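Please open the structure in a viewer and keep the selection tool at hand.

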Amino acid sequence: KRMTGWVKKLNEQGTVNSISGQTLLVDNVNDVDQALDAANQADYVVLTISNAVREIGGGEAYDRMNLTVGNAQLNLIKKVLDVGKPTAIVMINGGVISLDEGIIEHQNANSILNAWMPGQHGALAVAETLFGDNNPGGKMPVTMYKNSYIHEVDFLNISMQAGPGRSYRYFTGEPIFPFGHGLSYTTFSMSIESTSSCVVNKPSDECKFRIKTTNTGHRLGDEVVMVFF
């Protein structure tokens, strides 16, 4: 059932055979040989990674020990990327996954889609996005730190400014992807057309301004305009 959306979308492109057809579906992180065999036969690879298990992603009364996806998945990711096929990495995650362990800079990691916990119809939504039927416009709601961040922060100190700092507001290091990062299949330009000088002292005070957002690409899309005070 987890692959229903994929199969539905791929059936529109051609025959799907989960064993030996044009599209190979491998759903076992420990079966590296099968994954490498599928990657070698493929023109393109979609590699799904996840921290949606307690031992990796944490949970109630269970803290995460690192920001990666665990040694088994890291091993699989690196070996599949080394096959040399264009690869789209899809992240299914309830929290930030660090991709700095030889992944983000790999020449074959051509695209990364952060699906978070996409729900019942998530597989179809992901497939439509990768095939270009849907033009993504979301932005990162968190900062993606490097995995080394866990050794730089004292988690017994709850100060937001301790060490390298926490969150987009106080972090002074170099993130993998910053808060608000997000790409689209098109491009946009933004400019402030008008603004009014004002001072905000209480929640009911207002500041009015107008921002012109222009789609400068060749596809329909939507852009998120972020304003910080």
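Buried residues have under 20% relative accessible area, exposed residues over 50%, and partly exposed residues lie in between. The model on display is predicted.

**First stop: S167**

Select S167, which is found in helix α6. Is this residue buried, partly exposed or exposed? S167 has a relative accessibility of 23% and therefore counts as partly exposed. Its backbone deserves attention as well: the phi of S167 is near 70°, a positive value in a residue other than glycine. Most residues other than glycine have a negative phi.

**Second stop: W116**

Next, select W116 in the loop between β3 (109–114) and α5. With a relative accessible area of 26%, W116 is partly exposed.

Display its side chain together with G94 and G95. Which backbone atoms does the side chain of N51 reach? It reaches the backbone nitrogen of G94 at 3.3 Å, and the backbone oxygen of G95 at 3.5 Å.

How many salt bridges does a search of the whole structure find? The search finds 2.

For one of them, select E223 and K139, whose side chains meet with an N to O distance of 3.2 Å. This pair links distant parts of the chain, the two residues being 84 residues apart. E223 lies in the segment after β5 (209–215), while K139 lies in the loop between α5 (122–130) and α6 (167–170). E223 is partly exposed, with a relative accessible area of 25%. K139 also counts as partly exposed, at 22% relative accessibility.

Then select K202 and D205, which form a salt bridge whose closest N and O atoms are 3.1 Å apart. K202 has a relative accessibility of 47% and counts as partly exposed. D205, at 21% relative accessibility, counts as partly exposed too.

**Returning to the backbone**

Note on methods
Residues are numbered from 1 along each chain as its sequence is written. This is a predicted model: local features need pLDDT of at least 70, side-chain atom pairs count only at pLDDT 80 or more; totals for chains, interfaces and linings use all residues. Side-chain values use heavy atoms; hydrogens and water are left out. A salt bridge is a side-chain nitrogen of Lys or Arg within 4 Å of a carboxyl oxygen of Asp or Glu. Helices (H or I, at least four residues) and strands (E, at least two) are DSSP runs, numbered from the N terminus. Buried means under 20% relative accessible area, exposed over 50%, partly exposed in between (1.4 Å probe, protein chains only). A polar contact is a pair of N or O atoms within 3.5 Å; within protein, one must be able to donate a hydrogen and the other to accept it, and residues adjacent in sequence count only if both atoms are side-chain atoms.
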